[in-house]
Amino acid sequence: MSFRSVTLGLAVATLMGGATLPATAQDSIYVPLFTYRTGPFAGSGMHIADGMHDYLEMLNQRDGGIGGVKLVIEECETGYDTKKGVECYEAVKGKNPVIVNPWSTGITLPLIPRAAVDKIPILSMAYGLSASARGDIFPWVFNPPSTYWDGMSMIIKYIGDKEGGLDKLKGKKIGFLHLDASFGKEPIPLLEELSKELGFEVKLYPVAAQDMQNQSSQWLSVRRDRPDYMIMWGWGSMNGGAIKEAVRSGYPMDKFLSVWWPGEDDARSGGAGAKGFKMLNWHGVGTTYPALQDIMKNVVDKGLSKASKEKVGELLYNRGVYNSLLIAEAIANAQKLTGKKVVTGEDVRRGMETIKLDPARLKALGLEGFADEIALSCVDHNGHRPAFMQEWDGSKWVKISDPIAPMGDRVRAQLEAAAKDYAEKNAGWPKRAEACDKAS
Amino acid sequence: MDILYKAFVEPFLFMSEAPDLLLQTLWEGLVSGVLYALIALGFVLIFKASGVFNFAQGIMVVFAALTLVGLYEKGVPALLALLLTAGVMLLLAIAVERIVLRPLVNQPDIILFMATFGLTYFLVGLGELVFGGSPKEMIADALYLPQGTTELTLLGGPVRFQHLDIAAAVIASIIIAALAVFFSRTRIGRALRAVADSHKAALSVGISLNQIWVIVWFAAGIVALVAGIMWGARSGVSFSLQIIALKALPVLILGGFTSVPGAIIGGLIVGVGEKVGEFYWGPLVGGGIDTWLAYVIALLFLLYRPQGLFGERIIERI
């Protein structure tokens, strides 16, 4: 057999095999996962992807899916690239997905106007457009449990507490190191508003994607400006790069705080000097929860996970688990609301609006104490839940604060203005026509 | 008037008021410049010998660093892992010559350039398949690279020198000196220069093009390995390191695509220029000018000296 005929045979076999790849059968629910296991953001994205996949796969293995219906889980690699993310969306939308998770603020933004047209809800968990928390204006977008503006207000509140009150922030200088992209810029309007109101000065340090591992310029500027506190909004290798540079430049680590995206790998990369680095978080780490044990037993031990065993239970892995917990709960709610087993995107949107994860429900799901309770409604698609501050002790995260509630009054006013502004700028933005369920 | 003051007076006043910070900025710029120069050197070596702009140089830096760390994680002692990684880069050079370059001899330069695009994506895929996408820590301790900081009071203020940065500057200088000697004093080096001048003339005096290509790709692989170790030790080893290679483009435009000293001088100009620019003039425009300043400098050079500082002036008869 010639080389050419073998190659041709392999190509035909691949094409035929492709035809039998997971399809959206009538008796299954299709859940696409937008992930990035390649590129500069893979260091963060792959752990999230593993957590998301493994929780849903555990439901398939342990319970036969949700409500007896198997989940068809399919990953689409976006590389954290907006263009590829939109391509993923176009590729999956014909397969009747019940929800999409863009896992990038940049990808979320162009999908927002499409969601209502295609009847596919978007779950941008704790990222994306903060204003999309307003369910009355964005009925197809959900961003629980907190917006970036909530997160920023929590960090400012925490700093205020350390200084002896928000009024003590007057005259202070706060540096904001952020990825120079939609995600990193999202909390700037609130930060600037708070700086005017509370009298602190803001110094912005944007980091371009190509300089995520080359931040010496930004940290030289930090040395010039001498901010009293540094706040970071980073993702991928930017987080580890920033922690390393902070250690190198001798910035006091106990004054370096971040939103909820750094992981253990990022903190470890700073070595012993990273001790004292702080970040917000809202869920548990580790594998002691029964649901995590079930993942180990039904997915990891069976070789169905792409995660290595030691990564299961780490912060970003569990973040992915939380994301899939929301998806699964929305599907289960949709089944209850409609009486159907095989639900659609429209049903799952209603399921999202009726999410109520109280301590009893979390316990029933094997996640007692994993996260704070949350309830969404047709008006509130976020929950605006508190988060706590945790600190890197050199080898693991240690919780160092009680839950910090966001500055609700300040954030709400900004959200309302931003949501209205979005609707006005996007001519013809539809008024909500979707009815609210009784339970929401 | 205020903007003119901020642009033309304030930065210089600040320089004179805080000379320690100026010194720190210059030092950081020099270290970055040396590291940019290392990456640019890899491009220059291959361009000199084959006229190919090797788009894969950035991923070669990542691939070499990942191989080194990957072997170490498998239990191979660090120095042996270093030798084995050099061996892998030799195998890569042979494979590139056999599979990519040899079949494309006499094809237009753009075809060879596109082939290096393909090579880039192949190496990205291979790297992710073998080593995974997680960022890794460079084995700086095991390679006896110095760690820690020395803080000296100079010009009235504290100036911090990372031991790793000092080592990077010294090692890069040694590599550059070794390459300069290799090119000018050895038989292979002279053959390589002959190939760079004219493929046909080199062939007519019995120089093997294939052998020369393997040698330059291997030399570029070794330079990539050193650059990977140094950048990796500073900021970790991950696929985002390959984007830093884009900074080599303005370096090459400044220094000339065919000049080793040009790569070094160009690297230093870009490194110091972007740090000083960002530090003193960045606040004027909200920061972040270091991402594009190097390209603006390169553009100005292109307008007035397209062959770069040390590049060969190309005169073609029409």
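**Helix packing and the chain contact**

α7(B) and α8(B) are roughly perpendicular to each other in this predicted model, because their axes cross at roughly 80°.

Q: Which residues are those two helices, and how close do the axes come?
A: Helix α7 covers residues 163-185 of chain B and helix α8 covers residues 187-197 of chain B. Their axes come within 5 Å.

Q: Which residues make the contact?
A: From α7(B), B:F182, B:F183, B:S184 and B:R185. From α8(B), B:G189, B:L192 and B:R193.

Q: What classes do they fall into?
A: In the contact of α7(B) with α8(B), three are nonpolar, two polar and two charged.

Q: Switching to chain A. At what angle do α2(A) and α11(A) pack?
A: About 75°, with the axes of α2(A) and α11(A) 9 Å apart. The two helices are therefore roughly perpendicular to each other.

Q: Which residues of α11(A) take part?
A: A:D294, A:I295, A:N298, A:V299 and A:V300. They meet residues of α2(A), among them A:D54, A:Y55 and A:R62.

Q: And the classes there?
A: The contact of α2(A) with α11(A) has five nonpolar, two polar and four charged residues.

Q: How many residues does each chain put into the contact between A and B?
A: Chain A gives 32 residues and chain B gives 31 residues. On the chain A side, the elements that each supply at least two residues include α2 (42-63), β6 (201-207) and α9 (237-249). That side has ten nonpolar, 15 polar and seven charged residues.

Q: What does UniProt list for chain A?
A: An unreviewed entry lists "domain: Leucine-binding protein" at residues 29-394. Over that range chain A is 43% helix and 15% strand.

Technical notes: Residues numbered from 1 in each chain as written. Chains lettered and ligands numbered in written order. Predicted model: local features only at pLDDT ≥ 70, side-chain atom pairs only at ≥ 80, totals over all residues. UniProt positions renumbered as here; feature names shortened; annotations may be inferred. Helix = DSSP H or I, 4+ residues; strand = E, 2+ residues; numbered from the N terminus. Contact = placed C-beta atoms within 7 Å. Nonpolar A, V, L, I, M, F, W, Y, C, P; charged D, E, K, R; others polar. Axes fitted to C-alpha atoms, helices over the stretch in contact; angles between N-to-C directions. Parallel < 35°, antiparallel > 145°, perpendicular 65-115°, else oblique.
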